[in-house]
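Please walk through this fold with the model open beside the text.

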Amino acid sequence: MKIRSRAATACTAAVLTVALAACSSNSDTSSATRSSDSSGGIAVSHVHGLGIDPADGHLYVATHEGVIAVTKAGTAKRVSDTADYMGFTVIGPKTFLGSGHPAEGSGDHADRGLIRSTDSGKTWKTLSLGGSADFHALKYAHGTVYGYDSTRGVLRVSTDRTNWDTRAELAALDIAVSPKDPDLVLATTENGVARSTDGGRTFGAGSGQVLAFLSWPTADALYGVDLAGGLHRSTDGGATWQKSGTVPGGQPQALTAVDNGHVLAATGDGVYESRDGGKTFTLRLPVSSTGGH
């Protein structure tokens, strides 16, 4: 992929973001089962990341207003402060990585760089790039952190979470890394999915299915959600895609596939879970969609 200026990169990213915002947020609930449990009055305007903590099996939701834990019984509780948590990923029991912006009045960096929690989201520590990077996408694979830094529109890679290698500059919304090949990296762009075979140092032009978010839990189960909430699956590393279902709520906000059939997705009206590869979804946490970014 040809290296773009920062202005061009920001412009392209904005085009994809506007496309997301323009999608209908009307929910088609025909394939969804509404959860009987409520969020306990917790206000959620926008979701940035999703994950299951192996330590307790709970669903953790990184939002514009903090990190929320949702138990298997459906009880929801904010476990963190009210900071804006972005680029969220669960990498082990009680261990999360993230990025974002501090709670008002905290005195922390406006862009927190790479942050880590070792107590299931309750407290967070900046590991690196505090004040200079804002990761809107974070993936952990092969003992390596891959992050898309929205402040500069570049892919950054770190094996020790402290020192970073700056790789390709591109306008992307999300990234995914092959579970088998650390050099195979995908990125969602306004022209389709862009592919890198050299660890994100260079990317080909985006092509094919236009997707907003990606998640790649196993070699034969790469998931992507399109701008209208359609869930797609590829068994050949993104060469071809087959639609497997539709996430209720339309406009997508986040996607995490836990394994071949277990999929978590956030849209304009809630966080949904599928246990059958996207054929059916259950609402786990309502989202108000009244604000956030």
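A residue is called buried under 20% relative accessible area, exposed over 50%, and partly exposed in between, using a 1.4 Å probe and protein chains only. This is a predicted model, in which local features need pLDDT of at least 70 and side-chain atom pairs count only at pLDDT 80 or more, while totals for chains, interfaces and linings use all residues. Residues are numbered from 1 along each chain as its sequence is written, and side-chain values use heavy atoms, with hydrogens and water left out.

Strands here are DSSP runs of E, at least two residues long, numbered from the N terminus. Two strands pair if DSSP finds at least two bridges between them. Strands of a sheet pair through backbone hydrogen bonds, either parallel or antiparallel. In this sheet, four strands lie in the order 2-3-4-5, open and with antiparallel pairing. Strand 2 (47–52) and strand 5 (76–78) form the edges, and each pairs on one side only. On average, neighbouring strands of this sheet are turned by 20° against each other, direction ignored. For such angles, axes are lines fitted to C-alpha atoms, and angles run from 0 to 180 degrees between N-to-C directions. Inside the sheet, strand 3 (residues 59–63) and strand 4 (residues 66–70) run antiparallel and are joined by five bridges.

Six bridges connect strand 6 with strand 7, and the two run antiparallel. Within this pair, aspartate 84 stands opposite histidine 101 of strand 7. Strand 7 and strand 8 also pair in the antiparallel sense, over three bridges. There, glycine 98 stands opposite isoleucine 115 in strand 8.

How much of strand 6 is buried? It is mostly covered, with seven of its nine residues buried. Glycine 87 sits in this strand. Glycine 87 counts as buried because its relative accessibility is 3%. Its contacts (heavy atoms within 4.5 Å) are Leu97, Gly98, Ser99, Phe135, His136, Ala137 and Leu138, not counting residues up to four places away in sequence. Glycine 87 and isoleucine 115 are 28 residues apart in sequence, and their C-alpha atoms are 9.8 Å apart in space.

Now look at the loops. Most residues other than glycine have a negative phi. Lysine 94 has a positive phi, near 65°. It lies in the loop between strand 6 (84–92) and strand 7 (95–101), a hairpin with two residues between the strands. With a relative accessible area of 44%, lysine 94 is partly exposed. Serine 120 also has a positive phi, near 60°. Its loop runs between strand 8 (114–117) and strand 9 (125–128). Serine 120 is buried, at a relative accessible area of 4%.

Finish with the charged side chains. A salt bridge is a side-chain nitrogen of Lys or Arg within 4 Å of a carboxyl oxygen of Asp or Glu. The whole structure holds six salt bridges. In one of them, arginine 156 meets aspartate 149 at 2.9 Å, N to O. Both of these residues are buried. Another links aspartate 165 to arginine 167 at 2.8 Å, N to O. Aspartate 165 is partly exposed at 34% relative accessibility, whereas arginine 167 is buried at 18%.

Which residue forms a salt bridge with glutamate 273? The partner is arginine 275, with the closest N and O atoms 3.5 Å apart. Glutamate 273 counts as buried because its relative accessibility is 10%. Arginine 275, at 62%, is exposed. Salt bridges with shared partners also join Asp149, Arg152 and Arg156 into one network.
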